[in-house]
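Here's a protein to look at together.

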Amino acid sequence: MQKRPRRTELFHFYNEGMKEETPYDINSKHFNCDMYVQKTIKESSLKQLLEHESELVSEIQSLDSDCQTLVYDHYDKFIAAADIVRKMKEGSVSMEAQITRLQENMGRITASSTSITSALQERRGHLSRLLGVHGTLKKLEFLFHLPQKIDECIADRNFSEGVRSYVETAEVLHRYRHMPSFDAIHCDCEAAVGRLNAALKEQLALKEGSARHLTECVDLLLQLGEPAAGLCDDFLSHARTKLEDDLATLTRLAEAAAEAEQDGGTSHEAEAGEGAEEAKEISQDELSVSVPRKTVPMDILEFVDICHETFVGNLWLVISSYKEMFLRSPDEGGRSSTLALEKLRTFVAGLVDQYVAVVGVRVAAESDTAHYAPLTTALDKFSPSSSCHYTASAKYYTALGLVIEAGQARCSSSLAALKVGLATNLGDVRHALAAPRHLTQDGTESTHRQLNEHLTRLVAATAASIKERVTALQAFTQPKHTFAVKAEFRHRFCRELVREGVVVAFFLHLTDMMMEFCYKKDKDPVLLLLLSRMCLDLHTSTVHYLLSHCDEQLQLEDKSGLTQLHTITDGMKEAGQRLLNHYVHTQGAAISQMLRRSVELKDWLGCGEPRSVRRVMRTVLEEISTIDTQVGALYEEGSHRDRSSDSSRRTYHSVSASRGAGGRSAWSSYTPSQLDNSLVANLNKLWSERIEIFAPVEFTRLSILTGIVKISLKTLLESVRLRTFSRFGLQQVQVDAHYLRTYLWSYVADEHVLNVLLDEVVTSASVRCCEPELMEQRVVEFICDQS
C-alpha cells in the first residue's frame, strides 16, 4: 500500500525532470545562482525579497533535517545488516561440520541396506507366498465359522455385527459357490442369515422399541437384501404406532388443560411446577405409559417443549431415517423413489393434521390474561422450520391457520373484554349518579359538579382499554416470530382482526349502545347528557387519536378497504345528537308534566285575585336552574342574542296595545260578539315566525336549555287552551307568564322565542276567558318582585 504513493511521487519527479530546464529553475541541474539572484533582485521588491529569503531558509532547514533523518535510518539498517551477516558466518561454521557427519552416516546406512537386500533376495519370494497362503487360510477359517458367528450375534442381540460379517463375505461366497466346499458353507450362511432376518423382523415388530431402534432394524434388513417396498410400509406402520402414542399423550395433556379452563380452576400456578415435572418425565422409551385424566395442566410453553421433545423430534427422526434408507438417490430410483416419496408425504400429512388438532385444543384452552407473549412464543415454536422440508411443507398452511385462529380468538376475547369494560364503566357512572346527593355551601349539588370528572374518567378509561388491548395484541406482530413476517398473516391479523375486528367493531358497538339509550325511557337524564358529551368528545378527537395509534402500532400504511375515519365519527356525532335530543325531550317532558298538572288541577273560574306567583312556577325555575348546572358542567355557553331593553317590562303585546289610558284592558268594553278573540290570536300568529318545538338542538348550553324551555312552554300553551278562565284566572296566568319571562331569558339563546310562546299563552288564556281583563303592568311587576 505504501509503494503506490512513492511510485506516484517518483513519476511526477521524473516527468518534471523531462521538462525544459532553465538556469532559473532552482531544482534543475543547470541552475545558475548568479543569474537567479540578479533576476530575483531585479523583479522583486524588498518585502518580496525578505519573504523569499525566509522561504529559502525554511526549505534549507527542512532539507537538512530530511538528510539527517535519511542518514540515521540508513546507518541503523547498515548496522542491522552487519549483525545478520556476522551471525550467519558463525552459524555456517558449525553447520558445515554437521552436514559432513550426516553425509558419512548416510553412506554407511546405504551400504548396510545394500548388503541386507542382497542377502535376503532369495528368501523374499518364498516369504511372500507364505504370507499369501496364511491370509487365505485365515479367510477360509472365517468363512467356516461365519454361520456359527451369526448365531452367536443373534443370541447376543448384536445384530449389526452379524450383518456386517455377512456383508463382508457375501461377495466371496457368491463367487465361489460352484465349488463343492464353498457351496456347503454358502448354504449354512444362508440359513444363518435367514435366522438373522427373522430376528430383525421380530425386533421390528416390538412396540416398546424406540424410533432409533426401529431405524437400525430397517437399515440392517436393507443391507441383508430385503425388498425396499415391503420394508417401507413396515417402517411407516411401526413408526405410525409410536407417533400415535405420542399424540395420545399430548391429547391427554391438552384435554386436561381444557377441562381445567372450563372448571375455572384457580390452582394452576401452584400446581404448574408439578405438571411440568410430570410431563418432562415422559421419555422416548416411555411413550406408551398412560397419563391420568386429571393431570395438572402445564404452561403452554412447556407443552410445546414436550411436543418437540416427543412427537416432533420422533417425526423428524423418522423422516430423516426414511430419506436416508429409501430416498438415497432419487434420480436413480425412478418410479420406486416416486412411490416412496408419495407414501412419506401421505404419512406425514396425516400425522401433522392430528398434531395440529391437538395443539389447537391446547391453544384454545389457554386463558385470556391480556398478556400474550407466552402464547405467541409457543405458536412461534410450533411454526414449521426449514430443518425438515417435508414437515415444514405439511405444517405450513395448517400451522398458519392455527396461528390466525388463535389470533382471532384473542381478538374476539379482547372485543368482549372491551364491551364488558364499557358496561362496567357505565354501571359505575350510573351508580355514582344515583348515589345520595349532598348540597355544597353554594347550594349546588356536588354530583352535578362532578359530571366533568365522570366524563373525563369514562373517556379516559375507554381510550386506555383500547390502547391496552392493541398493545397486548402487538405480541402477535413481533418481528422475532416467524409467522409475524408473513404477508398473509399480517394482512389478515392486523387489518381484519385487530383494526376492523377489535377497534372499529368496538366503536360501532359503542355507537349502537348509545343509540339504544335513546329508546329507553327509564334512564337517568343526567346519564343521557353525559353520554351525549362522551359521543361528542369521541367524534371530535378521541376516535381519530385511537385509530391513528392503532394504525401506527400495527404499521398499516395501505388503508384501502378499511373503514374510514369519517364513517365512525359521523356515527358518533349522530348518536350524540340523538342522545342530546332525547335528554331535551325527557327533561322537557318532566317539566311539562308539572305544568300540565298545575293547569288541570286548578279551578280557574273560582280562583281569587292573584296575590303571588304560583308555587309550580318557582319549582319550574328551580328545575331549569338545576338542569342548567348539569348542562353547564359539560357543554360550553353558546351564542346568545342581545336582550332587548324593554323585554323585562313586556307583558302581552296584542292585549296591552289595546289598553286604554286608565290601564284597563280595552277587552272589557267589547262583548264576545263584538270581537272575535280567536281571530286576533290567529292574526298575531301570521306575523310571527314559526317556532320548531322539537327541532334538533346544538351542542351548547343555551341551545339545550332553549329546547327544554320550548317544550315546557308549548305544553303550558296547549294546557291553557283546554281550560276556561275567569278574569282573575287570566290575571294569574298573566302574572305567571311575566315571572317566567323575567327569569327564563338568561336560559334561552333567543329571547324572541320565549316572548312569542309566553305571549301565545296569555293570548290563549284571554281567548278562553269569560271576562278578558288584564292586570296593570306595575301591579304585575310588584307581585313578581314580592314572589
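Predicted model: local features only at pLDDT ≥ 70, side-chain atom pairs only at ≥ 80, totals over all residues.

Helix 17 (residues 525-554) packs against helix 19 (residues 615-634) at an angle of about 20°, and their axes are 10 Å apart. Angles under 35 degrees count as roughly parallel, so helix 17 is roughly parallel to helix 19. The crossing of helix 17 past helix 19 is right-handed.

Which residues of helix 17 and helix 19 meet? On the helix 17 side there are Val526, Leu529, Leu530 and Arg533, and they meet Gln630, Val631 and Leu634 of helix 19. Sorted by class, the residues of this contact come out as five nonpolar, one polar and one charged.

Helix 17 has another partner. Helix 18 (residues 565-601) packs against helix 17 at an angle of about 165°, with the two axes 8 Å apart. Angles over 145 degrees count as roughly antiparallel, so helix 17 is roughly antiparallel to helix 18. This time the crossing is left-handed. The contact of helix 17 with helix 18 has 16 nonpolar, eight polar and one charged residues.

Now for a pair further along the chain. Helix 22 (residues 701-721) and helix 24 (residues 751-767) pack with their axes 8 Å apart, at an angle of about 10°. That angle makes helix 22 roughly parallel to helix 24. Among the residues that meet here are Val709, Leu713 and Leu717 from helix 22, and Val753, Leu757 and Val761 from helix 24. By class, this contact has 11 nonpolar, one polar and three charged residues.

| Helix pair | Angle | Distance between axes |
|---|---|---|
| Helix 17 and helix 19 | about 20° | 10 Å |
| Helix 17 and helix 18 | about 165° | 8 Å |
| Helix 22 and helix 24 | about 10° | 8 Å |

Let's zoom out to the whole protein. How many helices and strands does the protein have? There are 25 helices and zero strands. Of the 787 residues, 40% are buried. And if you take contacts between residues at least 6 apart in sequence, 80% of them join residues at least 24 apart.

What about the inside? In soluble globular proteins, nonpolar side chains tend to be buried together. Here, the largest nonpolar core has 156 residues, and the ones with the most contacts inside it are Phe347, Phe507, Met514 and Ile704. Leaving out residues up to four places away in sequence, Met514 touches Leu426, Leu531, Cys535, Ala575 and Leu579. There's also a second, separate core of seven residues, including Phe159 and Leu196.

Finally, meet two single residues. Is Thr715 buried or exposed? Thr715, which sits in helix 22, has 19% relative accessibility, and buried means under 20%, so Thr715 counts as buried. Apart from neighbours within four places in sequence, Thr715 is in contact with Ser592 and Arg596.

Gln354 belongs to helix 11 (residues 335-365). With a relative accessible area of 35%, Gln354 is partly exposed. Setting aside neighbours within four places in sequence, Gln354 is in contact with Glu244 and Leu247.

Notes
Residues numbered from 1 in each chain as written. Heavy atoms only, no water. Axes fitted to C-alpha atoms, helices over the stretch in contact; angles between N-to-C directions. Helix = DSSP H or I, 4+ residues; strand = E, 2+ residues; numbered from the N terminus. Parallel < 35°, antiparallel > 145°, perpendicular 65-115°, else oblique. Left-handed = near helix turned anticlockwise from the far one by under 90°. Contact = heavy atoms within 4.5 Å. Nonpolar A, V, L, I, M, F, W, Y, C, P; charged D, E, K, R; others polar. Core = buried A, V, L, I, M, F, W, Y, C linked by side-chain atoms within 4.5 Å. Buried < 20%, exposed > 50% of the residue type's maximum accessible area, 1.4 Å probe, protein only.
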